[in-house]
Amino acid sequence: MRIVGVESVASLSKKALRLGLLMTCFTTIPPSAGCRGIGRFGESRQSIAARRLSRQGTKAMRQGDWTVAETLFTEALDVSNVNDAAHRGMSESLWQKGLREEAIEHLEKAVQLSAGDPKHMQRLGRMYLEVGRVDEAARQCQIALDSDREWAALWALWGDCQVARNEKDEALSAYHRALSLQPDYPYVQLRTAEIYHQQKRYDRLLATLDRLREDAQVVGDVDEAIRPGAADLLRGIAMRELGRTEESVQYFIASAQKNPEDATSRLQLASIAVDSGQPEIAQTWLAQAMRLDPSATRQAGWNVETWLATPPGMIAPNNGTIESSQPPIIAVQPDASRPWLK
């Protein structure tokens, strides 16, 4: 006779108990609950369909087809309202349309459904920051950093939060951490250079921009895209402050060419032309600045009624070509009347 040990009997008893409970669950489900049981399988198919539509919407969004993207994300949410990717995509579509509060609501839902995905939280923090909800942005960023301290975009956001709080040294520390993780990060390099400009640390500003590759792929979200000509503008200001005015002019001109909608570089060129005794050139740059941004021109301290005129300009209206026949502009502008970088 085969003797069964106590341990084997206990193991068999446990297995029998589990099997009995399982059979009880099946046999005690009333016929009316059958649809609910089947619905669980249907819900799974819904989730799969929602993910597929979300992927298609994300692809359309990356291609710039926002109308198609929004339609796909709407369909995904109709299929399953608990898909975090669909809420994230809908948030981006609404944000692009300027519907910021609605966009934030969808992204808050995405964060909740994903149990705090750092990528969703980083984007939500940046949206909060864009609408002036600085403390909420910082809170999102802190929580995300608790989960992932090796993602440069989170440190970039933390630096931006500190800038909004006027904590420049803390912002620099965050930006340096971001750059240690992602050295080719143009957005963070420019933000770092802007702080050095405000602190009048022009050698550090130039050293930071010397490592900038403007053709590098943008890291992070779409709000981190750098402004055309921003690096040239900062270099021009630093050169001017260091007494290298002729070089600063070339950078200001390059900035004006790269960003035809920006008045700041033109105001810088106008102020240099004034001190170099070239009023007609100053009038040209000032007239262009006034056409682009009258408010910024007046806020920079210019007496527009006295200076404004429109003689032949250094930049052609159509293609932005510099007229090489113009005399060089070399001068130093007093601090009291210099238009600063915004």
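Is Glu 101 buried, partly exposed or exposed? At 43% relative accessibility, Glu 101 counts as partly exposed; buried means under 20% relative accessible area, exposed over 50% and partly exposed in between (1.4 Å probe, protein chains only). The model is predicted: local features need pLDDT of at least 70, side-chain atom pairs count only at pLDDT 80 or more, and totals for chains, interfaces and linings use all residues. Residues are numbered from 1 along each chain as its sequence is written, and side-chain values use heavy atoms, with hydrogens and water left out.

**The whole chain**

Display the protein chain as a cartoon, which shows 17 helices and 0 strands. Helices (H or I, at least four residues) and strands (E, at least two) are DSSP runs, numbered from the N terminus. Of the 342 residues in the protein chain, 42% are buried.

**Arg 133 and its partners**

Select Arg 133 together with Glu 101. Their side chains form a salt bridge at 3.8 Å, N to O, a term that denotes a side-chain nitrogen of Lys or Arg within 4 Å of a carboxyl oxygen of Asp or Glu. Arg 133 is in the loop between helix H6 (118-130) and helix H7 (134-147), and Glu 101 is in helix H5 (residues 100-113), so the pair ties together parts 32 residues apart in sequence. Glu 108 belongs to helix H5 and is 25 residues from Arg 133. Arg 133 is partly exposed, at 23%, and Glu 108 is partly exposed, at 29%.

**Lys 258 and Asp 232**

Next, select Lys 258 and Asp 232, whose side chains meet in a salt bridge of 2.6 Å, N to O. Lys 258 lies in helix H13 (residues 245-258) and Asp 232 in helix H12 (residues 230-241), so this pair connects parts 26 residues apart in sequence. Lys 258 is partly exposed at 41%, whereas Asp 232 is buried at 5%.

The structure holds 14 salt bridges. To view a network of them, select Arg 126, Asp 160, Arg 191, Glu 194 and Arg 227.

**The nonpolar cores**

Turn to the largest nonpolar core, which has 59 residues. Such a core is a set of buried Ala, Val, Leu, Ile, Met, Phe, Trp, Tyr and Cys residues joined through side-chain atoms within 4.5 Å. Select Trp 158, Tyr 185, Val 188, Leu 190, Leu 205 and Leu 209, the residues with the most contacts inside this core. Helix H8 (residues 152-164) supplies the largest share of the core, 8 residues. A second, separate core of 18 residues includes Ala 270, Ile 281, Ala 289 and Ala 300.

Select Cys 141 and Cys 161. Cys 141 is buried, with a relative accessible area of 0%, and Cys 161 is buried at 0%.

**Ser 80**

Finally, select Ser 80, in the loop between helix H3 (66-79) and helix H4 (84-96). Ser 80 is buried, at 8% relative accessibility. Apart from neighbours within four places in sequence, Ser 80 is in contact (heavy atoms within 4.5 Å) with Gln 46 and Ala 50.
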